[in-house]
Amino acid sequence: MSSKPKFFIIGKGFIYPKHEEAINAVGGEIVGVAECDNWWGKQIADSGADWVVILTPNFTHQQIIDVALANGKKVICEKPLVLTSKEAKKYVGKPVYTIHQLRYLPIEFPKADFYTAEINISVHRDEDYFKSWKGNPKLSGGLLMNVGIHYFDLILHHLGVAEEIKLDKYAEERAEGWINGRNYKCHFIIDLLAPKENQERSFTINGKKIELVSRENLHIKAYQDIMAGKGIDAIEALRSIFLIEKLGK
């Protein structure tokens, strides 16, 4: 009988409980939790873990992944995997996976030869958000990388390769543009200044609105796929990272 997979987690912010529940769901064991400080490198080496789980600010991901791999660990990293396609290409063929949990939403598309889609992400972020690393493009990768990447991954996963992209408007609080493929045309809005009482996360496809929220912990399904060798690897992660680079932000 195989032993439980062992996980060492770096970072204990708001997303930590999702990962803790997912690890328990796949029969794993958390052997340690570290903050993103100067001691995590030694802790990785001494942890006895099979997996390192990275829940730290975006700009720290690459360094932690490199140390984990150098110590023979497999990696699960919250999105974005890293901030550039050049960095992501280093991990192709290596046991490095990222989390795009929205892929596991039960989205059903109407049968059609052509799809007209709308992504509307209108959420409220307060002053503290913009004062933190999340509001600093050099640390977060910017609005499209920190927030938009989940939804761009969803477009590419369900609708296919983007052949034409266009950024109509861009600021660190709001972006608007187009992602078009062979059989689809998708308009997106990402707005961080929506009123608290009027927030929305939706994907409308040929007139059918799908709410991009779930009461279910979709991280569990992501972990189940990773444990089965079917997770979102660096090649998959590259698609949305490269798209954001092409958008120019």
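Tutor: Gladly! Helices (H or I, at least four residues) and strands (E, at least two) are DSSP runs, numbered from the N terminus. By that definition the protein chain has nine helices and twelve strands. This is a predicted model, where local features need pLDDT of at least 70 and side-chain atom pairs count only at pLDDT 80 or more, while totals for chains, interfaces and linings use all residues. Residues are numbered from 1 along each chain as its sequence is written, and side-chain values use heavy atoms, leaving out hydrogens and water.

Student: Which strands form the open sheet, and in what order?

Tutor: Six strands do, in the order S2-S1-S3-S4-S5-S12, with mixed pairing. Strands S2 (29-34) and S12 (232-233) are the edge strands, since each pairs on one side only.

Student: How do you know that S3 and S4 are joined?

Tutor: Two strands pair if DSSP finds at least two bridges between them. Four bridges join S3 (residues 51-54) to S4 (residues 74-78), so by that definition they pair, and they run parallel. For Trp51, the bridge partner in S4 is Lys74.

Student: Why is Asn206 called partly exposed?

Tutor: Buried means under 20% relative accessible area, exposed means over 50%, and partly exposed lies in between (1.4 Å probe, protein chains only). Asn206 has 35% relative accessibility, so it counts as partly exposed. Across the protein chain, buried residues make up 48% of the 249 residues.

Student: What is the phi of Asn206, and where is this residue found?

Tutor: Its phi is near 50 degrees, a positive value in a residue other than glycine. Asn206 is in the loop between strand S10 (200-205) and strand S11 (208-211). Most residues other than glycine have a negative phi, and most peptide bonds are trans.

Student: Which peptide bond is cis?

Tutor: The one from Lys79 to Pro80, with omega near -15 degrees. Pro80 is in the loop between S4 and helix H4 (85-89).
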